[in-house]
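Open your viewer and keep the selection tool at hand. We will walk through this model stop by stop.

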Amino acid sequence: MAPTPQPGIFAAALAEHAYLEFDLRPGAAPRELFAALTAVGEPMPATGAINVVVGVRPSLWEPVVAVDFLAPITGPDGFTMPATQHDAWLWLSGADRTALFDYTRAALGILETVAVAATEVSGWVYHHDRDLTGFIDGTENPTRSEAPSVAVIAAGPAAGCSVALVQQWRHDTDAWEALSVAAQEDVIGRTKADSIELDDDVKPPTSHVARTVVEEDGEELAILRRNTAYGTVRDHGTMFVGFCATQHPLDEMLRRMAGVGDGVRDALTRYTAPLTGAYYVIPPVEALAPYAPEA
Ligand code: HEM
């Protein structure tokens with residue numbers, strides 16, 4: 001039987017989200033980290049109220065499916081996406097903030113025996129399916145039946161693994177809101193109210209859609225995006241979480257957004273700035289199960 005991808009990758013979007021990254025304590029072994037990550041999801045029945053997705057630094061996982069985000073990505077004008085790789089990633093989500101808070105605290109307690117929390121971000125679903133630019137985010141995502149083949153390695157020794165790109169983007173909401181709706185639509189490449197793609201003859205080549213639609217060998221590169229809004233009234237943005245069966249589409253989209261190669265920088269990057277950037281391998285359920293604490 002094919003290994004089971006972590007179900008939280010595809011779970012319906014719940015209202016409240018917690019994202020944490022961890023670094024191994026000096027002397028702790030990766031196997032202890034895998035055990036702690038596995039233990040985080042264990043106390044709960046599969047039908048529990050919290051979705052759990054755990055990821056590990058690519059260089060800690062065998063077989064190799066991706067490389068760490070070690071070098072910043074810099075475009076020709078100096079725009080830079082920082083590389084802030086950590087050893088583990090935890091994405092918890094739930095419908096109720098209190099339940100999520102309690103669960104995340106318990107998870108932290110387990111993980112802190114072997115690792116130190118390096119980042120923590122609180123996310124939520126803004127206006128059903130919009131990001132904090134006010135645009136619908138996820139329109140071109142694969143459908144439910146397409147998503148597994150886009151996001152998960154289908155066969156071979158790493159079958160069931162997914163590669164996640166995790167990037168926190170802080171928005172400059174004042175600058176964004178100073179734009180007219182028409183100017184915002186040129187930045188995204190879609191209409192604001194109903195997310196209809198602008199016609200090719202009017203869609204600027206700098207638009208976000210123009211930069212992230214990448215064709216290779218006649219095929220569009222596909223990823224599964226699970227972004228949410230994050231933050232507070234004064235400091236907020238988009239928690240970008242993208243899954244793919246291979247690292248290349250994610251990496252190529254980032255390079256094109258920065259203008260690497262052709263010098264065309266994504267206009268969206270003038271209104272939102274990446275604060276972090278890391279890749280994680282999301283191992284399948286069966287690969288983590290052997291690390292589970294004994295019942
Ligand atoms: C602040 C960060 C970001 C925001 C606010 C944002 C927002 C959006 C919006 C509003 C759309 C149009 C609707 C849709 O199809 O979902 C979109 C499309 C898309 N974005 Fe982003 N995005 C961000 C970062 C990224 C990053 C970092 C990547 C890739 C690594 C990416 C990849 C894509 C892709 C592949 C599409 C679909 C293009 C298409 O097929 O039409 N986005 N994004």
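Start by selecting His-127, which lies in the loop between β6 (115-124) and α3 (147-151). Helices here are DSSP runs of H or I with at least four residues, strands are runs of E with at least two, and both are numbered from the N terminus. The phi of His-127 is near 45°, a positive value in a residue other than glycine. Before moving on, note that this is a predicted model, in which local features need pLDDT of at least 70, side-chain atom pairs count only at pLDDT 80 or more, and totals for chains, interfaces and linings use all residues. Residue numbers run from 1 along each chain as its sequence is written.

Next, select Glu-62 and Pro-63: a cis peptide bond joins them, with omega about -5°. Pro-63 sits in the loop between β2 (50-56) and β3 (73-74). Most residues other than glycine have a negative phi, and most peptide bonds are trans.

Now show the ligand. Which residues are closest to the ligand? They are Phe-135, Glu-140, Trp-169, Thr-212 and Met-253, out of 27 that surround it (C-beta atom, placed from the backbone, within 6 Å). The elements giving two or more residues to this shell are β7 (162-171), α6 (208-212), β12 (236-244) and α7 (248-258). By class, the shell has twelve nonpolar, ten polar and five charged residues. Here Ala, Val, Leu, Ile, Met, Phe, Trp, Tyr, Cys and Pro count as nonpolar, Asp, Glu, Lys and Arg as charged, and the others, Gly among them, as polar.

Turn to helices α1 (residues 30-41) and α2 (residues 97-111), whose axes come within 9 Å and cross at roughly 160°. Axes are lines fitted to C-alpha atoms over the stretch in contact, with angles from 0 to 180 degrees between N-to-C directions. Select Ala-36, Ala-39 and Val-40 in α1, which meet Ala-107, Ile-110 and Leu-111 in α2 (C-beta atoms, placed from the backbone, within 7 Å). This contact has six nonpolar, no polar and no charged residues.

Finally, zoom out: the protein chain has eight helices and 14 strands.

Methods
Two residues are in contact if their C-beta atoms, placed from the backbone, lie within 7 Å.
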